[in-house]
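Please look through the sequence and the model below, and then follow the explanation with the structure beside you.

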Amino acid sequence: LNFIPMKKSSYSLLLLCTFSFCYAQEKTTYTNERGEVHLCGPFNINELEEDSLYASWYNKRYDEFELDETTYSWSSELKDVEVDIYMGTWCGDSKKWVPSFLKVWDQLGLDRKKLGYTALYDTDERYKQGPNGEEKGMQIHRVPTFIFKRNGKEIARIVETPQNDLLTDIGQIALGLPSQPNYRAANYLMNLLEEKSVAEIRADLNTYFYKTYNHPGKSSELNTLGKVFLHSNRIEEAVLVCEFNFYFFRYDLYIIGSYAKGLAVQGETKKAKEFYERALKIHPENKWVNKLYKELLESESDLKEETED
């Protein structure tokens, strides 16, 4: 009679251990070239609150971010709103704004279950990507990105930093009057590329060029977008974005180098060489451009040898 309960207890313990093991596997991490361990993919907020790798900056920022104790009548408009948060545990802006956002959300008395978290890589191989492509179709080019949704449909987003201050931006979203998110040029081109093919855009290139012209704030805006496209294997889109950026910032060494790199990946070797040489006229000793140019010349030489064989 005593033997049966023992079997059931053992079986229950095994199930508990198996469940705990499976739950533990939900967290995914990677180690970058500097030996730092970072989250990647969907995760639970308690990873930031409790893991010693992240808790120091998360809890410090959460505690430091101060709000008035006043209640806000508009907060009730957010009760049916979900927010998808894309971030990087390697990213300074994510370290600042994700805990700050949680502080606001908590103080407004909103349900944390309405929040979802996805951490992205910051490696050359998987730049701003999730381990299972969680970012695909979400137009993520900067982190953190907060995507506000009602009934599964996006109603607003905050990209990298608030336009005003965090509480104001969230209040405007609640009232149906969201600010336009940062990086207007990148957002415009991402939306355009959702609607039209690269061939269609190139067929009327001047029109779209001038529609983009007044939007970029800094050269890094479209350079980052081009890099995101390039590492997502969206080569045509990457070259188009880098081409626009070159004409906006034609004397910027890194913009020229990025455009040349895109051309090289696309197979436009001759044109890529011309732009690498243009960049090297600006800064002949630049290690990054010299490295990329050398790699292009070596690959061209290897291809020639294979063809001759």
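The paragraphs below go from the sheet to the cores, then to one histidine and to the cysteines.

This is a predicted model, in which local features need pLDDT of at least 70 and side-chain atom pairs count only at pLDDT 80 or more, while totals for chains, interfaces and linings use all residues. Residues are numbered from 1 along each chain as its sequence is written, and side-chain values use heavy atoms, with hydrogens and water left out.

We can begin with the sheet. Helices (H or I, at least four residues) and strands (E, at least two) are DSSP runs, numbered from the N terminus, and two strands pair if DSSP finds at least two bridges between them. An open sheet of 5 strands has mixed pairing and the order 3-5-4-6-7. At its edges stand strand 3 (41-43) and strand 7, each with a single partner strand, so one side of each is left without a neighbour in the sheet. On average, neighbouring strands of this sheet are turned by 25° against each other, direction ignored; for such angles, axes are lines fitted to C-alpha atoms, for helices over the stretch in contact, and angles run from 0 to 180 degrees between N-to-C directions.

Within this sheet, strand 4 (residues 81-87) pairs with strand 5 in the parallel sense over 5 bridges, and D84 has G116 of strand 5 as its bridge partner. With strand 6, by contrast, strand 4 pairs in the antiparallel sense over 6 bridges, and here the bridge partner of E82 is K149. K149 also stands opposite E154 in strand 7, for strand 6 and strand 7 (residues 153-159) pair in the antiparallel sense over 6 bridges. These two strands form a hairpin with 2 residues between them, and N151 in the turn has a positive phi of about 55°.

Helix 5 (residues 166-174) lies across strand 6 and strand 7, and runs at about 165° to strand 7.

Next come the cores. A nonpolar core is a set of buried Ala, Val, Leu, Ile, Met, Phe, Trp, Tyr and Cys residues joined through side-chain atoms within 4.5 Å. The largest one has 40 residues, of which L222 and L225 touch the most other members. Several helices each supply at least two residues of this core, among them helix 6 (184-195), helix 9 (219-231) and helix 13 (287-308), and helix 10 gives the most, with 9 residues. A second, separate core of 36 residues includes I45, L78, V98 and F101.

Now turn to H141, which is placed in the loop between strand 5 (115-119) and strand 6 (145-150). At 1% relative accessibility, H141 counts as buried. Its contacts (heavy atoms within 4.5 Å), not counting residues up to four places away in sequence, include Y183, N187, M190 and L225. With the side chain of N187, the side chain of H141 makes a polar contact at 3.1 Å, a term for a pair of N or O atoms within 3.5 Å, where within protein one must be able to donate a hydrogen and the other to accept it, and residues adjacent in sequence count only if both atoms are side-chain atoms.

Finally, the structure holds 0 disulfides (pairs of cysteine sulfur atoms within 2.5 Å). C91 is buried, with a relative accessible area of 7%, and C242 counts as buried at 6%.

Terms used
Buried < 20%, exposed > 50% of the residue type's maximum accessible area, 1.4 Å probe, protein only.
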